[in-house]
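Keep the sequence and the model in view while you read.

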Amino acid sequence: MHTNIEINHITKKYKNGVTALDDISFTVGSGVFGLLGHNGAGKTTLMKTLVTILPPSAGTIRICGYDTQKQGNEVRTRIGYLPQELAMYPSLSVFDFVNYMAELKGIRNKEAVREVLEQVEMLEYAKRKIRELSGGMKRRVGIAQAIIGYPQILVVDEPTAGLDPEERVRFRGLLSRYAREGRTVLLSTHIVEDVFQLCEELAVLRKGHLFYAGTSAALMKQVKGKVKILHLEDERQLIDLQKKSIVLSTTYDRHGIHARIMDENALFPQATSAMATLEDAYVYCMGGKIHA
Ligand SMILES: Nc1ncnc2c1ncn2[C@@H]1O[C@H](COP(=O)(O)OP(=O)(O)OP(=O)(O)O)[C@@H](O)[C@H]1O
Ligand SMILES: [Mg+2]
């Protein structure tokens, strides 16, 4: 597989002393690649260093073979970026905003603007003001400005957060279409379902450390056959269980609590086996139940 992104021993320490990334290394080929991690794990920091907005404190990154620090211009022409919070001009029309963003990239071509708006199904709203758009529409305009010029690599920071299920499905379609023909989409998210639907490969960050990088199939293998469901009477039993085993999730009903657990050493013969999901694998990776 062709390597589009090569991350070598990247560390990023902010001026306030926070080490947001600690010796991260992995590679990304073509297709949609998922970057998962809790709030503050370092996803946005990693993306900003990839797109040359932030310099790393140590380490190197190569984008399509070009060094992000020494060959910034070569890198920037090959990358499209949708930031987590894209600053948009509320009084501009959709067309004028995307056209303005295109001009910043040196692209003066109104037909190209219309083409990307068509791709994200926003051409019919081209004249509408940014402030009059729904959240999903804004996100699609965000993608339009990122894909203008069809860069080899598209970096999107939590593009599906806050979207309704229908819009999320539409968004997933858009990203997977873009990743065809050898392109790479690097997608950060909290939503394991998005990664499961879209990505063959993923990386998991945890407090600035790389916890996992590889295929979702290999990650699933770690939990296969070990996920069980255990019936509990009350919270006290749950607290007890959490001391002995990794609790992946819990559901409550009038009969008590159903705990989904990782039974690594077959300690619970009374538990029933369950089909492992990528969500289970992810929660296992993160060391237990996600506390919302
Ligand atoms: N400009 C900054 N100056 C100092 N510290 C920062 C800065 N930006 C982020 N951090 C810190 O770096 C760490 C990683 O933050 P980052 O925004 O990369 O996480 P994230 O994984 O994108 O989180 P989220 O899921 O909430 O978007 C956090 O501890 C954060 O507080
Ligand atoms: Mg972020």
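**Helices, strands and domains**

H3 passes H4 in a right-handed crossing. The model is a predicted one.

Q: Which residues of H3 and H4 make the contact between the two helices?
A: The crossing of H3 with H4 is right-handed. On the H4 side, the contact uses Lys110, Ala112, Val113, Val116 and Leu117. By class, the contact has 8 nonpolar, 1 polar and 1 charged residues. The H3 side is made by Val94, Phe95, Val98, Asn99 and Ala102.

Q: Is H3 oblique or roughly parallel to H4 (residues 110-119)?
A: The axes of H3 and H4 lie 10 Å apart. The packing angle is about 120 degrees. Angles of 65 to 115 degrees count as roughly perpendicular and those over 145 as roughly antiparallel. An angle of about 120 degrees therefore makes H3, relative to H4, oblique.

Q: How are H3 (residues 94-104) and H5 (residues 135-147) placed, roughly parallel or roughly antiparallel?
A: Their axes are 9 Å apart, and the angle between them is about 30 degrees. Angles under 35 degrees count as roughly parallel. H3 and H5 are therefore roughly parallel.

Q: What is the make-up by class of the contact of H3 with H5?
A: The crossing of H3 and H5 is right-handed. H3 brings Val94, Phe97, Val98 and Met101 to the contact. H5 brings Val141, Ala144 and Gln145. The count is 6 nonpolar, 1 polar and no charged residues.

Q: Which strands are the edge strands of the open sheet?
A: The sheet has 6 strands with mixed pairing. Their order is S6-S7-S8-S3-S9-S10. The twist averages 15 degrees from one strand to the next. Each edge strand pairs on one side only, and the two are S6 (79-82) and S10 (209-215).

Q: At what angle to S6 does H5 run?
A: H5 lies across two strands, S6 and S7 (153-157). Its angle to S6 is about 160 degrees.

Q: Which residue in S4 stands opposite Glu6?
A: S1 (residues 5-13) and S4 (residues 58-63) are paired strands. They run antiparallel over 5 bridges. The residue opposite Glu6 in S4 is Arg62.

Q: Which residue in the turn of the S4 and S5 hairpin has a positive phi?
A: S4 and S5 (residues 66-67) pair in the antiparallel sense over 2 bridges. Ile63 has Tyr66 as its bridge partner in S5. The hairpin leaves 2 residues between the strands. The one with a positive phi, about 50 degrees, is Cys64.

Q: How far apart do the C-alpha centres of domain 1 and domain 2 lie?
A: The domain assignment gives domain 1 as 5-220 and domain 2 as 223-285. The distance between their C-alpha centres is 35 Å.

Q: Which elements each supply at least two residues of the side of domain 1 that touches domain 2?
A: The contact takes 10 residues from domain 1 and 8 residues from domain 2. By class, the domain 1 side has 9 nonpolar, 1 polar and no charged residues. The elements that each supply at least two residues of that side are H7 (192-198), S10 and H8 (216-221).

Key:
Residues are numbered from 1 along each chain as its sequence is written. Chains are lettered from A and ligands numbered from 1 in the order in which they are written. This is a predicted model: local features need pLDDT of at least 70, side-chain atom pairs count only at pLDDT 80 or more; totals for chains, interfaces and linings use all residues. Axes are lines fitted to C-alpha atoms, for helices over the stretch in contact, and angles run from 0 to 180 degrees between N-to-C directions. Helices (H or I, at least four residues) and strands (E, at least two) are DSSP runs, numbered from the N terminus. A crossing is left-handed if the near helix is turned anticlockwise from the far one by less than a right angle, and right-handed if clockwise. Two residues are in contact if their C-beta atoms, placed from the backbone, lie within 7 Å. Ala, Val, Leu, Ile, Met, Phe, Trp, Tyr, Cys and Pro count as nonpolar, Asp, Glu, Lys and Arg as charged, and the others, Gly among them, as polar. Two strands pair if DSSP finds at least two bridges between them. Domain bounds come from an automatic or database domain assignment.
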